[in-house]
Amino acid sequence: MTGTTAPAQHARPRRAAAIRFLDRYLLYAYTAFAILYLMLPVAVMALFSVNDPPGKSNVIWHGFSFDAWLNPFGVPQLFDVVRTSVVVALLSTIAATTLGTLIALALVRYNFRGSAATNILIFLPMATPEIVLGASLLTLFVAIGDPPFFPTNFVTILIAHIMFNISYVVVTVRARLYGFDRHLEEAAMDLGANEWTTFWKVTFPMILPGIMAAALLAFSLSIDDYVITAFTAGRTSTFPIFIWGSARIGVPVQVNVIGTAFFLIAVGFVALTTILQNRASRPLPPPAAGRERAELEPGRAALTEAEA
Amino acid sequence: MHARQWLNRLTPYLLLAPGILWLLVFYAYPGVQMFISSFWAGTLETGFTVSLDNWTTYPAALERYGPQFGRSIVYGAAATTICFLIAYPLAYTIAFRGGRYKSLLLFMVIAPFFTSFLLRTQSWKIILGDDGILFGPLKDLGLLGPDFRVLATPVAVVAGIAYNFLPFMTLPIYVSLEKIDGRLVEAAKDLFAGPWRPGGSIAGGLVGGLTAGGLAAAFEYDIVPFAILGVVSGVLIGTFLLSESFIRIVLPLSLPGVFAGSLLTFIPAMGDFVNAELLGNTQTRMIGNVIQSRFLENNDYPTAAALSFMLMVGILIAVAVYARLLGTKELTSSG
């Protein structure tokens, strides 16, 4: 800027452009950085699943070894605790998904006295810290003082997991029920179906994706839970409890292997369901365009038709 | 006909009964039992007796564990602030600039949480280790002094909490940003909404200084250099990046998401003990650590029950105030 007005006038748009450039790419850079930050621990977990530590401690990189992957349960107890976790997750998912779906149906389909109170009771467990959920259950079990509640065991873990999963199922299924077209049910009833048939032939298939999503959420919450389980497990050990117990003396490489495998399975599962859902909800092409496409891609058009 | 009407009326209650009963017995009642248990005296072996005289457990617990309570609030607030700083620009980019990669980006935000909570935290222990993969090379290059450490300090604990509860902040903010009608922003620009000056410089400097200073205080660092750094970056961001349309339209419309996200992050952050245990030291113990060890290691049920009852009441009050002011819709729609 030499003091004349002309360069100053040029400088303004240039500065504005520079700011727009920054505004645009700074956000992208920030987002890339944030996603890197989110992924870093997962990457480290996976990397240390092929580590070759000489001792028990697996916190420093020593060298590449695939041994742990070839022998994922090569640590005493590890198989048992993973099995316990999977069994607890399966059973609590089935129970919580059933109970939660019934509550969601009642809340969305019926106007009844006490629905506001029900909503609060559904919401509160999600807003209560896990430690309070676990601790209060433990005081209940100690107060009862007799089997099967005390000493705490597999049954008490299951009770706790069903409890904290119900709310998440209700919220997930309810979201799906809100967008439900009730005319379809009325049509089925008009065509002579009774309520029972209508539910199983129309309602249930339509809300099934919501129920499946809820079940997936419940399963992943249950299999990963440490805090509430710690308060209700007694001598029973689950996979997270095993990790906690070994954290002080050194987490074995095999734990990283199983963690990485769980991660890959979960990501694969979500990717698969997303692809299937996208395919199912893809709008049908108009007839003319469909014919054109049929000439170009016979296989795909046949697929769309089959789905229709 | 009459019987059928009755049945129709009863249906919702029959549907509700099993699940609600479960929640009443195993969620609601245990809260009451916890209150009763805080008046216990005795041990597991001799059995417990309830007596109102044991109210002294409360002041005794507060006096003994006051610092841990305070630390939980400070760490929880610091982690919530950090979550906000990371989550808002992230959610903003995904909602407004995501384009066709929106679902993929959203998935990448959630994907890390498919791994175990404990393993994620364990990974941070590896990353932040004194000679670990992050600081080891920096120390070798001489960029950091040999005594520099993050692990076993408040920074590591707060960073771990912020990492683990980030989706609770990101998703509600994303949901509220996603709902904003883009035409509103265009209309504002048509009506000559431009850069926000000088308001942006002043507000940016103030907010930046307070945030950085507050975080430094929480981490027990020197406040002044961090506050200065915060003021400088706040002024830069406020002057050059904040537009009037953002301040007047996008930010106010996304506030419900910000409030919901803050509450959903602060609550679990305050009750957490895993991060403080794995990433901290004895000087970073939070109230969750005390409750956990009183319950599970010392079998000191009355004190532990009193502490967790106070934690529960504090959080229920916060939730009630929030629900009274803003309703519960934002909290449950994205949770």
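Author: A:Met163 counts as buried because its relative accessibility is 0%, a value that, like everything that follows, is computed from a predicted model. A:Met163 has its place in helix H6 of chain A, which covers residues 154-178. Leaving out residues up to four places away in sequence, A:Met163 touches A:Leu133 and A:Leu137 in its own chain, and it also touches B:Trp22, B:Leu23, B:Phe26 and B:Tyr27 of chain B. The C-alpha atom of A:Met163 is separated by 8.5 Å from that of A:Pro125, although the two residues are 38 residues apart along the chain.

A:Tyr37, A:Leu38 and A:Trp244 supply 9% of the area that chain A buries against chain B, which is more than any other three residues supply. Taken together, chain A and chain B bury about 7600 Å² between them, and 80% of this lies on carbon and sulfur atoms.

Polar and charged pairs are also found across this interface. The count of salt bridges between chain A and chain B is 2, and one salt bridge is formed by B:Arg120 with A:Asp224, whose closest N and O atoms are 3.8 Å apart. The rule also finds 10 residue pairs in polar contact across the interface of chain A and chain B, both residues being at pLDDT 80 or more.

The side chain of A:Thr93 reaches the backbone nitrogen of A:Phe219 at 3.4 Å, and, apart from neighbours within four places in sequence, A:Thr93 is in contact with A:Ala215, A:Ala218 and A:Phe219. A:Glu185 is found in helix H7 (residues 183-190) of chain A and likewise counts as buried, at 8% relative accessibility. Not counting residues up to four places away in sequence, A:Glu185 touches A:Arg109, A:Phe180, A:Thr198, A:Val202 and A:Thr203.

It remains to describe the partner chain. The secondary structure of chain B comes to 15 helices and 2 strands, and its C-alpha atoms fill a box of roughly 75 × 70 × 35 Å along the principal axes. Of the 335 residues in chain B, 49% are buried. Helix H13 of chain B (residues 287-296) is mostly covered, with 9 of its 10 residues buried, among them B:Ile287, B:Val290, B:Arg294 and B:Phe295. Among contacts in chain B between residues at least 6 apart in sequence, 71% join residues at least 24 apart. Finally, chain B exposes about 15900 Å², of which carbon and sulfur atoms supply 68%.

How values were computed:
Residues numbered from 1 in each chain as written. Chains lettered and ligands numbered in written order. Heavy atoms only, no water. Buried area = accessible area lost by both parts, 1.4 Å probe. Salt bridge = Lys/Arg side-chain N within 4 Å of Asp/Glu carboxyl O. Polar contact = N/O pair within 3.5 Å; in protein donor to acceptor, adjacent residues only side chain to side chain. Helix = DSSP H or I, 4+ residues; strand = E, 2+ residues; numbered from the N terminus. Buried < 20%, exposed > 50% of the residue type's maximum accessible area, 1.4 Å probe, protein only. Contact = heavy atoms within 4.5 Å. Areas by Shrake-Rupley, 256 points an atom, 1.4 Å probe, with all protein chains shown as cover.
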